[in-house]
Amino acid sequence: MGATGICGRRKNEHRAARSDSAAAVPLRLICGVAGALLLSGCMVGPDFQPPPAPDVSGYAPQAGLRPAMATSIAGGAPQSFVDGLEVGGQWWREFGSPQINAFVEEAVHNHPTVRAAQYALRAARETVLQTRGALAPQIGGVGSATRQQVPAAAGGTTGSPSIYNLYDATVNVSYTLDLFGGLRRQVESAEALAQYRRFEMEATYLALTANVVTSAISDASLRAQIAASQAIIAAQTDQLQRVQRQFEVGANSQAEVLAQRATLAQTQATLPPLQKQLAQGRNQLMAYLGRLPNQDRGESVNLASLRLPRKLPVSLPAYLVRQRPDIRQAEATLHQAAALVGVNTANLLPQFTITPSAGTDALTVGQLFTPQSAAFTLAANMGQKLVDGGQAYRTKEASVASFEQDYALYQSSIITAFQNVADALRAVQFDAVTLRAQAVAEKAALDSLTMAQQQFKSGAIGYAIIITAQQTYQNAVIARIQAQAMRYADTVALFQALGGGWWNRFDEAREAFPRNGGYFQGPDGPALSATRDGAMNPLAPSPASDPEMERPR
C-alpha cells in the first residue's frame, strides 16, 4: 500500500478543428484532456491493499497442541485439534442437540438486531449506487409556455398592443470531469462502508448464535446443579430423620441433631441463588430468541444429552484475519479512511465541469422542434479556491491522521483476535483436565461420605466428620457439573473465536439487497404496519396497564 502523487498530464498535441462556434474549440480541448486523464486512471490518494497477515505459525510459543484428555462421564469425551479444519457454517449442530438447533433458528429469524443489521447493509448498498450516480452526466429538462402582451409604446409607436405566445423547451446537462479521482474515491469510500456493514451483520449473527448456545448450556448447567442440590437436600433430610430417631432413643446427643439440621439448612440456602440465576438466565435466553419473558414455553436442554465435538478446527493464522468479522470490519474502516484521504486531496485541486444545454424557442407549439427555433449553449467551468484559511488542507491532514489511527486500531483487532483463539484453545485443554480432576474429587468425596456414615454407625467417629463429608460431597457434585458445562461453553468460545464459519453459509436476507420497487414507493416492511395509525406496537404496554393511554386527549 503506497501513496500516489498527482498524476502528470500527458503531453498530447491537440489541433483545434474549425467550428462555426468559438465555444466549441475550448470545449473540445477540455474534453480531449479530460478523456486522456480519465483513461489513464489518475486518482490521488493511497491505493488501498489489505495489510498482510501476521507472519506466525501458531497461537502458542510451542508447536502443536496436545489433545484434551478423556473422562468416563458425560461431557468427558476426548477432543483433538486439527490444523486447517474448516469451521462449519452451522457449528452448533456439532453438539447434537435438536433443541439448541431450534433455539438458534428461532433467534436468527426473530431477533431485531439481525433484521437491523440486514437493513443497515441494504442502506449502505443503496448509498453505493447513489454515489456512483455522480459519475454519470446529470440531465434535466425545463418546459415553459408564456403568453405576453407588449404595448405599442414599448416599440416607439402607437396603436394596439401586441399579444403573442412563447414556448420554450430546454435540456440542461452537467458533467463533472473526475480528473483527479475525487468522485471515484467517494464511490470507493461508500463501497468500503458497505463492506463494513456486511461484516457488522456477520458479527451480529455470530454473537447472537454464540450467546444462544452458551445461554442454553448455562441453563442446562443450572438445572443440573439445582437437581443435584435437591437430591443432596433429600439425602440430608433423610439423614436428619435418622439422627432424630436415634436421639429419641438415646443413641445420639442433641448436638448431633442440631449439627445435621444446620447442615441441611446451609444446603437449602444454596438453592435460591441457583434458582435466581436460572430465572434471570431464562429471561436472557428469551431475549436472544426475540421473545418477551412471559412468552417462555419452558424448552430446555439436558446437559447429559449434549455431545462434545471430537475434532476441533484450528484455523491457520494466515486465514484467521480473513475469517474474523471484527477484523474484516476494521479492514473496511481502514479502506474507507484511505479513500477519504483521496477525496480530500482531490478537493485541493481544480474542479472541472461541463454544462452544455440545448433547447428551442418558438411562437407556436408546432414550430418548437424546427431547425429555426433551435438554441444551445456550451460552457466549461474550472473552480479552485484560492484562499480558504487552510480549511481544505487541514481537512486532508485530519483524514491522514484518521487513516493512521484506523491502521493502529486494525492492528489492535488482530492482537485481540489471536488472543481470543489462544485463550479458547487453552481453555479447552485445561477444561478437560479440570473435569477429570473434579470427577475424581466427586468419587473420592462420595466414598469418604459412605465410609464416614458406616464408621459413625459403629461408633468409630463423631458426627462432625459426617457433616464435613456431606459438605465436601455437595461441593464436589456442583463443581463437577460446572466443569462439564464449562467444556461445552469453551468449545463454543473456540468456534466463535475462529469466526463462526460465516463463509460456509449465506446470511444475507432479502432485506439486505437494494430494492427495485416503484419510484415513489415507501416502506413495505414490518415498521410500516407497526407504526401506521391505529396499529398497536407489540412491545408497548397494553391500554389497560398504561394510565397515560387512558387519559382523554
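1. Contacts first. Among contacts in the protein with a separation of 6 or more, 82% are between residues 24 or more positions apart. Keep in mind that this is a predicted model.

2. Overall make-up: the protein has 12 helices and 10 strands. Of its 553 residues, 37% count as buried. The exposed surface comes to about 30,600 Å², and carbon and sulfur atoms supply 56% of that.

3. Now the α3/α4 pair. Helix α3 covers residues 112-132, and helix α4 covers residues 182-248. The axes of α3 and α4 come within 9 Å and cross at roughly 170°. An angle over 145 degrees counts as roughly antiparallel, so α3 is roughly antiparallel to α4. On the α3 side the contact includes T113, V114, A117 and L121, and on the α4 side it includes Q186, V187, A190 and E191. The residues of this contact divide into 12 nonpolar, six polar and six charged.

4. The other helix pair to look at is α8 with α9. Helix α8 spans residues 325-346 and helix α9 spans residues 391-457; they pack at about 165°, with axes 9 Å apart. That angle makes α8 roughly antiparallel to α9. As for handedness, the α8/α9 crossing is left-handed.

5. What do α8 and α9 touch each other with? From α8 the list includes I327, A330, L334, A337 and L340, and these residues are part of a contact whose α9 side includes V400, F403, Y407, Y410 and I414. The contact of α8 with α9 divides into 13 nonpolar, seven polar and three charged residues. Among the charged ones are E331 in α8, plus K396 and D406 in α9.

6. Is S189 buried or exposed? It counts as buried, because its relative accessibility is 6% and the cut-off for buried is under 20%. Leaving out residues up to four places away in sequence, S189 touches Q336, A339 and L340. L340 also turns up among the α8 residues that meet α9.

7. With a relative accessible area of 64%, K385 is exposed, since the cut-off for exposed is over 50%.

Note on methods: Residues numbered from 1 in each chain as written. Predicted model: local features only at pLDDT ≥ 70, side-chain atom pairs only at ≥ 80, totals over all residues. Heavy atoms only, no water. Axes fitted to C-alpha atoms, helices over the stretch in contact; angles between N-to-C directions. Helix = DSSP H or I, 4+ residues; strand = E, 2+ residues; numbered from the N terminus. Parallel < 35°, antiparallel > 145°, perpendicular 65-115°, else oblique. Left-handed = near helix turned anticlockwise from the far one by under 90°. Contact = heavy atoms within 4.5 Å. Buried < 20%, exposed > 50% of the residue type's maximum accessible area, 1.4 Å probe, protein only. Areas by Shrake-Rupley, 256 points an atom, 1.4 Å probe, with all protein chains shown as cover.
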